[in-house]
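Have a look at it, then read on.

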Amino acid sequence: MCGIVGYTGKSQAAPILLDGLSKLEYRGYDSAGMAVFDGKKLRSEKTPGRLNALVEMTHDGELLPGTLGIGHTRWATHGKATKENAHPHFNAAGTVAVVHNGIIENYLSIRQRLEKKGYAFKSETDTETIAAMLDYYYEKDPIEAIIKVLHRVTGSYALGIIFTDHPGVLYAARKDSPLIVGKGRDGNYIASDVPAVLKYTRDVYYIRNEEIAKITGDEISFYNIDADPVTEELHTIEWDVNAADKGGYEFYMMKEMSEQPKVLRDTCDPRIKNGTIVFDELVKDEKIIKKASKLHIVACGSAYHAGISGKYVIEGMAGIPVEVELASEFRYRNPVYIPDEIVIAVSQSGETADTLAAIKEAKANGVPVWAIVNATGSSMTREADRTIYTYAGPEISVATTKAYSAQIAVFYMLAMMFAKTRGRLAPEREEEYIEDLKRLPEQVEFLLGNKERVQKFANRYIAAHDVYYIGRGIDYGIALEASLKLKEISYVHAEAYAAGELKHGTISLIEKNTLVTAIATQEELYDKTISNIVEVKSRGAFVMAVTNVGHSDIEENADFVIYIPSTNKYFANSLAIIPLQLFAYYVSAGRGYDVDHPRNLAKSVTVE
Ligand code: F6R
């Protein structure tokens, strides 16, 4: 979704804004713009399309001189991706400039009221209403005007604001949309995400909900919505600057898939202590863990798929009932909670609007909430009672791969922890699982090492129209994720079915050469899945199968087989997904698409 960058300090702002915005391109956008103030004149440029166009029209920023500026990449919500709708937006006098991420839900009624007072609007956006409101409420004190606006808007926002009456001062505010403040040497920054400022500083503040920041070149102060000064903690970002770079790969997605062995090590190793799983972040929840009657996993997209796999693993190992639900459904459904239930939210970004709302809904009902999150300091880490970090590092490609892998690994470890607490994990079993967990990184490495074979196969299917993914049990969870990967980056229609379900309707779509990908890693379900393969084969399907090493008999029915190294039935997900991620990648790259920036998609979905 939209990206915001702001700077105030000693350097020229425009090149910093352009550089920062380029680091936020991964979020998805369809227009870009910036405004820079040199103490006398506020200059602005905006354009639909890619950031490069803004770079060219401003001569790398040279045409917008000044040391205070705000920049924006917009993912269209209210109004098309046009120059008029691109940010920044201004008041009529051009003395207030605003960039915004989020949605102001009551903007229409506010706009109508302002129109009655003589305000005119140039764009269709909700953001221009904020610029007009700031104009209306501004007397002499920007903080006072901002607070009056924040009291009157509903919805979500991250805002970067310039008042020309206050040269050198950058204002920022947020609610339910991400925004950080970077503390640098030659100036200070705001940004939607850390990669935008990482080149200049590792010291960041996370602005809280309904908090306002006043930023000059050498001072940063925070205020709550009652205008009281508040103190924020300075955090140091530990990532390597290169973590947010392509590192020689053509696309971030390939780099991130290749990082999966490291991500698994980073996520699991710190939690394996003396041959058992220990979550330091959950030590205070010992009683809750022992009493838990049900786990309710809420998430969106791939994180939801990780939850589905988590359900099979936790129910299988620990015997606790698990419900998995799309956060967008959960939040409006008035869920019926049972005593001693735990809600577990899963999210890479920690900012997904629906998942965040689901956390708030559960908390409002007194239910303990854990969040499995990748992005340090994100909104969910502040809303949930406990945060379980996945240590995947920054994920830039819109299609998640390494964060998903880290999420399922966390579910394996949670399952082991619950199973042990409930006396359902025999010591020899625990030892076996820990050994399997430790072996996963090298097994993933092995599968990544065979990527050329997957690439060759993908090249044959570049022109595919429809692909079906089938599997049973955990393999169904993998099928869901594999089909999402393919459709989101290659625009090939793909559907996942529980293998036994196909014949209840969808099998009528199978015709000669339709590609069906069958996942068969669960030994007790293997024969059943083979029967389903035979069913589609006899209707002309071309079958790609992913199964455990040793099952060469599958070649009697499948046309192309990928064998995964042996592990226990619960952890097979981590291995089977690898060739299927690679397949999606190669179909997309082979079709010549921008793999990292699929059309219509945003990395961090901060609106409903
Ligand atoms: C798909 C993908 C999305 C996200 C979903 C939730 O590749 O990345 O489906 O999984 O938008 O995002 P997070 O995990 O940030 O809450």
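Predicted model: local features only at pLDDT ≥ 70, side-chain atom pairs only at ≥ 80, totals over all residues.

Residues are numbered from 1 along each chain as its sequence is written, and side-chain values use heavy atoms, with hydrogens and water left out.

Helices here are DSSP runs of H or I with at least four residues, strands are E runs of at least two, and both are numbered from the N terminus. Axes are lines fitted to C-alpha atoms, for helices over the stretch in contact, with angles from 0 to 180 degrees between N-to-C directions.

| Pair | Axis distance | Angle |
|---|---|---|
| Helix 16 (residues 474–490) and helix 18 (residues 572–590) | within 9 Å | roughly 15 degrees |
| Helix 14 (residues 427–449) and helix 18 | 9 Å | about 25 degrees |

That makes helix 16 roughly parallel to helix 18, a label for angles under 35 degrees. Helix 14 and helix 18 are roughly parallel too.

Who meets whom? Contact means heavy atoms within 4.5 Å. On the helix 16 side, I474, I478 and L486 are among the residues that meet helix 18, whose own set includes A576, L580 and F583. By class, this contact has 12 nonpolar, 3 polar and 2 charged residues. Nonpolar covers Ala, Val, Leu, Ile, Met, Phe, Trp, Tyr, Cys and Pro; Asp, Glu, Lys and Arg are charged; the others, Gly among them, are polar.

From helix 14, L440, Q443, V444, L447 and L448 meet S574, L575, I578 and L582 of helix 18. That contact has 7 nonpolar, 2 polar and no charged residues.

Now for the cores. A nonpolar core is a set of buried Ala, Val, Leu, Ile, Met, Phe, Trp, Tyr and Cys residues joined through side-chain atoms within 4.5 Å; buried means under 20% relative accessible area (1.4 Å probe, protein chains only). The largest one has 94 residues, and W370, L414, F418, Y469 and F583 touch the most other members. Helix 13 (residues 402–421) gives the largest share, 13 residues. A second, separate core of 32 residues includes A131, A145, I161 and V169.

Last stop: T73, in strand 4 (residues 68–74). T73 is buried, at 0% relative accessible area. Leaving aside neighbours within four places in sequence, T73 contacts C2, G3, L21, Y29, S31, A32 and L51.

Definitions and conventions:
Buried < 20%, exposed > 50% of the residue type's maximum accessible area, 1.4 Å probe, protein only. Parallel < 35°, antiparallel > 145°, perpendicular 65-115°, else oblique.
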